[in-house]
Amino acid sequence: MKTLLIGEYREGKLLESTCELLGFANQLGAETAMLLVGSENQLPVYSGTLYLADVAACGEYNPGLHKKLILEAVQKESPDYIVFLHSSYGWDLAPRVAASLRIAQVSEIVAIVDGGFEVGCCNGKMRRTVKPATAQAVLTIQAGAFPVLQPGGSPEIRKLSATDGGALEFIGYEAAEKKDVDLAKAEVIVSAGRGVGKKDNIPVIAALAKALGGEMGASRPVVDAEWVSHSHQVGTTGQTVSPKLYVACGISGAIQHLAGMKKSDFIIAINKDKDAPIGEIADVLVVADVMQFVPALTARVAR
Amino acid sequence: MFLDLTEEQKLIQDTARDFARVELEPAAAALDQGGDRSPLLANLKKLAELGFMGLNVKGEYGGSETGVVSFSLAVTEIARACASTAVTVSVNNMVAEVIQAVGSEEQRNAYIPKICSGEFSAGGFALTETGAGSDPAGMCTQAVDDGDSWVLNGAKIFITSAPYAGVFVVWAVTDKEAPKGKGISCFLVEAGTKGLIIGKEEKKMGQHASATNEVIFDDCRIPKSALMGKRNDGFRIAAGELAGGRIGIGSLGLGVGLAAMDYATRYVTERSQFGQKLSNFQAIQWMIADAYTELEAARLLLMSAACRKEFGRSFAKEASMAKMFATEAANKACYSALQMLGGYGYTQDFPVERYARDARITSIYEGTNEIQRLIISREILKNIS
Amino acid sequence: MKLLVCIKQVPDLESRFKPDAAGVWYNETDLAFRMNEYDEYAVEQAVQLREKLGEGTELTVLSIGPDRVVEALKKALAMGCDNAAHIQDPAASGKDPWQIASIIAAYAKDKGFDVIFTGMQSQDRGSAQVGVTIAEQLGLACTTTIVSFDYDNGTITAKRELEGGIKGVVKLKTPALVTCQLGLNVPRYPTLPNIMKAKKKEITAIPVVELLREEALATTASFHPPAKKGGGIVLEGDVSDLVDKVIAILKDKTAVLR
Ligand SMILES: Cc1cc2nc3c(=O)[nH]c(=O)nc-3n(C[C@H](O)[C@H](O)[C@H](O)COP(=O)(O)OP(=O)(O)OC[C@H]3O[C@@H](n4cnc5c(N)ncnc54)[C@H](O)[C@@H]3O)c2cc1C
């Protein structure tokens with residue numbers, strides 16, 4: 001079995017998520033070749049074939065042209081699967097490649113299962129097992145669903161070039177807007193509860209939130225005590241959130257709080273009390289003192 | 001028989017539901033706590049712009065011409081999020097409909113478009129007096145013919161939306177000597193008219209965002225053209241229009257009852273005691289079964305009354321049945337819902353106590369449920385002998 | 001100018017989903033259907049463009065599906081589309097994105113649409129393929145996941161939403177297709193009078209057999225709930241050990257740490 005992995009490059013950098021493609025190919029037990037519109041200065045740490053097109057000439061977002069490059073590599077490699085990340089780059093480009101080749105596409109794969117690929121549906125509430133009906137197929141994999149793999153070595157480069165093919169013109173990037181806490185949109189929320197002890201300890205929780213690239217939330221007692229403002233409050237009288245990761249620090253798990261966060265994808269609770277009700281819905285309950293554990297974790301994450 | 005909504009009715013229901021969820025629900029708890037009423041007024045304006053203030057009013061007066069079933073559906077959906085907004089919408093529709101039913105062409109053109117467009121936040125329906133509640137024919141407010149004008153004296157009580165109503169439909173005695181109920185006429189009085197005084201606001205158990213005030217007439221002089229319908233024919237008008245309004249209040253009750261039960265039912269599937277979900281206890285399951293059955297029956301009664309009115313058939317008895325049954329089902333549903341939440345239900349951290357307070361008035365205003373029973377039995381008995 | 005917006009009706013995502021008899025999609029019984037959220041952004045943007053261009057512009061809304069999708073079409077008409085095409089297909093949910101796209105492409109082929117709007121994905125299927133595939137089949141310029149749209153004299157300027165809140169600015173010449181993302185606009189509520197007036201707008205019904213020419217390229221083998229999360233794990237012990245374990249879990253189970 002053979003895969004052609006399509007790496008990603010943005011704002012002058014090879015994206016780390018590219019290594020998830022290697023993790024996926026590894027789980028499939030497939031041979032790999034990779035294609036990247038990037039630069040020789042930043043190569044994936046892997047020792048297979050790398051079709052490399054120069055980003056300076058081909059642009060970071062030029063789907064018509066990138067499609068041509070991919071089709072050329074497909075011709076040379078005859079891969080069973082052409083694999084993208086399900087990202088703004090991947091979901092934009094993958095259907096173009098699939099349509100040009102008239103082959104199946106399976107989107108946002110979360111797992112490889114017997115008889116096909118597992119994908120989410122119904123807003124992530126359900127799963128489908130999908131099977132391509134064509135010999136070759138285009139696949140996109142969900143970000144974070146497969147482990148990062150960095151096998152080491154340096155790739156064997158084959159240069160590709162193409163011109164034209166762009167029906168659109170890429171003007172440039174716009175930086176993200178700075179805004180106040182928006183818990184509803186945060187992918188990671190680290191929340192402070194009464195177990196944090198006192199207002200002076202709040203920065204410790206904020207530091208972990210920052211290290212994990214998320215926002216700080218809080219339970220009601222912390223807000224009522226005016227340790228943090230109400231915009232941080234999670235729960236029935238605050239906001240209802242469903243981030244990818246929710247870290248509850250010193251929160252016992254009153255039903256008002258649980259109602260606001262129990263739909264989070266993954267919940268880690270840190271609590272001195274092993275029997276705290278938060279343990280019932282947490283994926284991981286760390287039995288520890290918040291003020292000892294959190295700074296240690298922050299230090300490791302920041303590294 | 002086909003018990004399904006038309007596509008238009010479904011779309012109106014969806015629009016009301018979406019609007020209620022996004023715009024009304026987030027503001028409801030704070031509005032209940034009192035204070036600044038501007039979010040209510042802003043939402044009333046938006047609802048008017050969408051066409052919710054004249055559902056059963058003709059397009060030429062700025063109405064939506066959607067019919068009575070849609071009116072019922074809309075009030076229910078709005079009440080699921082905010083009962084105070086719902087009662088305002090219901091009364092505004094009733095006021096627009098009274099003017100359409102009995103007003104002159106001039107009166108219709110002068111006021112209905114302003115209610116429908118939201119230029120007026122509300123319309124007032126001024127019938128009740130301290131001495132005339134269930135028995136409005138016993139009213140004392142007087143209108144005296146004074147050449148080219150009428151002069152009103154007296155006081156109304158419990159008038160919904162009075163501080164922000166642009167126009168009031170007012171009932172007053174025009175012939176003291178006539179037999180009871182035969183000497184009352186109906187008038188249109190604009191806000192700001194000299195001698196029209198908005199009195200104190202009641203401090204109520206629920207529906208806090210909706211103002212309920214005394215309205216006083218102190219030598220309030222209005223033009224001759226302010227008489228609506230025929231002189232001394234006002235009481236018949238009031239009775240007729242209240243029947244339509246009752247569909248609104250029943251629908252409102254249904255919405256609050258559903259909101260309470262929907263919340264509580266979700267809650268019991270999440271909360272555990274004795275090592276299992278509350279929803280596993282049969283006592284809780286029965287509350288769910290009873291409440292939803294009654295609410296469904298209420299819905300069907302409301303739809304039947306609304307359909308009859310929409311198709312131009314008699315509907316007073318059915319509207320009374322629906323109002324009575326739906327508001328009682330709503331109160332029972334709120335009681336059970338609160339019970340299902342235990343102590344948490346009694347706190348303001350959860351919306352159920354608000355629903356319970358908001359539902360309570362629905363079996364009282366626009367005719368208490370005792371009066372509804374009176375109407376229903378009278379309608380039945382009159383066909384026997 | 002001629003504009004097309006493609007919409008899908010999806011179940012309320014708050015619902016509980018049960019597999020159908022064949023076990024490959026959900027059972028529709030008891031589900032309440034509504035317009036796919038992303039398609040609402042598409043309709044709103046199309047209507048805004050329609051309003052900006054004024055007379056002489058015609059905006060068609062299209063949906064493939066059973067009779068129930070007429071309700072979604074009527075909503076789009078009430079929001080401001082001029083006419084609708086209902087491609088009648090009781091078995092639409094069994095078709096793969098390639099077939100759906102090819103049906104739409106077959107419909108649009110000779111109609112000369114200048115701009116086609118679609119949602120970036122459907123909330124139930126979530127494949128994010130249909131829009132781009134239509135563009136490929138019709139040979140149109142295309143960009144995806146837009147959060148800003150501007151049209152001037154044959155050129156679209158759009159902003160794409162990228163990861164981490166960054167945006168990519170793109171220009172395309174019409175004819176073109178864009179797929180719409182949350183944040184593009186705030187869809188209007190249809191007004192009640194417009195809902196009533198939409199009754200009079202034309203809905204053309206086209207049996208799907210007249211447009212379907214493609215076989216499915218992928219098949220669904222099963223539809224099922226995700227594997228149940230086992231009970232949570234409890235970690236106890238020395239703080240530095242705990243930190244090691246939590247770091248390993250974060251790397252393994254979440255996309256937060258790499
Ligand atoms: C929040 C609120 C908003 C309102 N809005 C308006 C408004 O906008 N416009 C308006 O005109 N009015 C309004 N009202 C008034 C409302 O319609 C009256 O309160 C209602 O009709 C009952 O009248 P009452 O309060 O005088 O009670 P009463 O008539 O004094 O009744 C007291 C009790 O006696 C019972 N009773 C009375 N007569 C009989 C009988 N014959 N047989 C058996 N039992 C009987 C009643 O059912 C009730 O249980 C509002 C009231 C409230 C509280």
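Where in chain A is the place of A:E226? It sits in the loop that runs between α6 (220-224) and β15 (245-249) of chain A. Before I go further, please keep in mind that this is a predicted model. A:E226 has a phi near 60°, which is a positive value in a residue other than glycine. Is A:E226 buried or exposed? Its relative accessibility is 62%, so A:E226 counts as exposed.

There is a second residue of this kind, in chain C. The phi of C:A128 is near 55°, again positive and again in a residue other than glycine. C:A128 also belongs to a loop, the one between β6 (115-119) and α4 (130-138) of chain C. Here the relative accessible area is 8%, and because buried means under 20%, C:A128 is buried.

While we are on chain C, a few overall values. Its secondary structure consists of six helices and 13 strands. Along the principal axes, the C-alpha atoms fill a box of roughly 75 × 45 × 40 Å. The chain has 258 residues, and 57% of them are buried. If you take the contacts in chain C with a separation of 6 or more, 70% of them are between residues 24 or more positions apart.

One more item in chain C is a peptide bond. Which two residues does the cis peptide bond join? They are C:T174 and C:P175, and omega is about 0°. C:P175 lies in the loop between β9 (167-173) and β10 (176-180) of chain C.

Back to chain A, and to two residues in strands. A:T140 is part of strand β10, residues 137-141. Its relative accessible area is 0%, so A:T140 is buried. What lies 2.7 Å from a polar atom of the side chain of A:T140? That is the backbone nitrogen of A:E108.

With 13% relative accessibility, A:G116 counts as buried. Leaving out neighbours within four places in sequence, A:G116 is in contact with A:T129, A:V130 and A:K131. For a sense of distance, take A:G116 and A:E187: they are 71 residues apart in sequence, and their C-alpha atoms are 29 Å apart in space.

Now the helix pairs. In chain A, α5 (residues 202-211) packs with α8 (residues 290-302) at an angle of about 30°, and the axes are 9 Å apart. That angle makes α5(A) roughly parallel to α8(A). The crossing of α5(A) and α8(A) is left-handed. On the α5(A) side, the contact is made by A:V204, A:I205, A:A207, A:L208 and A:A211. On the α8(A) side, the residues are A:V290, A:M291, A:V294, A:P295, A:L297, A:T298 and A:V301. Sorted by class, this contact has 11 nonpolar residues, one polar and no charged.

Chain B gives us two pairs. In the one made by α4 (residues 83-102) and α5 (residues 105-117), the axes come within 9 Å and cross at roughly 165°. α4(B) and α5(B) are therefore roughly antiparallel. α4(B) passes α5(B) in a left-handed crossing. From α4(B), the residues B:N92, B:V95, B:A96, B:I99, B:Q100 and B:A101 meet B:Q107, B:R108, B:Y111, B:I112 and B:I115 of α5(B). How do the residues of the contact of α4(B) with α5(B) divide? Seven are nonpolar, three polar and one charged.

The other pair in chain B is α6 (residues 234-268) with α9 (residues 352-360), packed at an angle of about 160° with axes 9 Å apart. That makes α6(B) roughly antiparallel to α9(B). The crossing of α6(B) past α9(B) is left-handed. B:V256, B:A259, B:A260 and B:Y263 in α6(B) meet B:V352, B:Y355 and B:A359 in α9(B). The residues of that contact are seven nonpolar, with no polar and no charged ones.

That is the end of my list.

Technical notes. Residues numbered from 1 in each chain as written. Chains lettered and ligands numbered in written order. Predicted model: local features only at pLDDT ≥ 70, side-chain atom pairs only at ≥ 80, totals over all residues. Heavy atoms only, no water. Axes fitted to C-alpha atoms, helices over the stretch in contact; angles between N-to-C directions. Helix = DSSP H or I, 4+ residues; strand = E, 2+ residues; numbered from the N terminus. Parallel < 35°, antiparallel > 145°, perpendicular 65-115°, else oblique. Left-handed = near helix turned anticlockwise from the far one by under 90°. Contact = heavy atoms within 4.5 Å. Nonpolar A, V, L, I, M, F, W, Y, C, P; charged D, E, K, R; others polar. Buried < 20%, exposed > 50% of the residue type's maximum accessible area, 1.4 Å probe, protein only. Polar contact = N/O pair within 3.5 Å; in protein donor to acceptor, adjacent residues only side chain to side chain.
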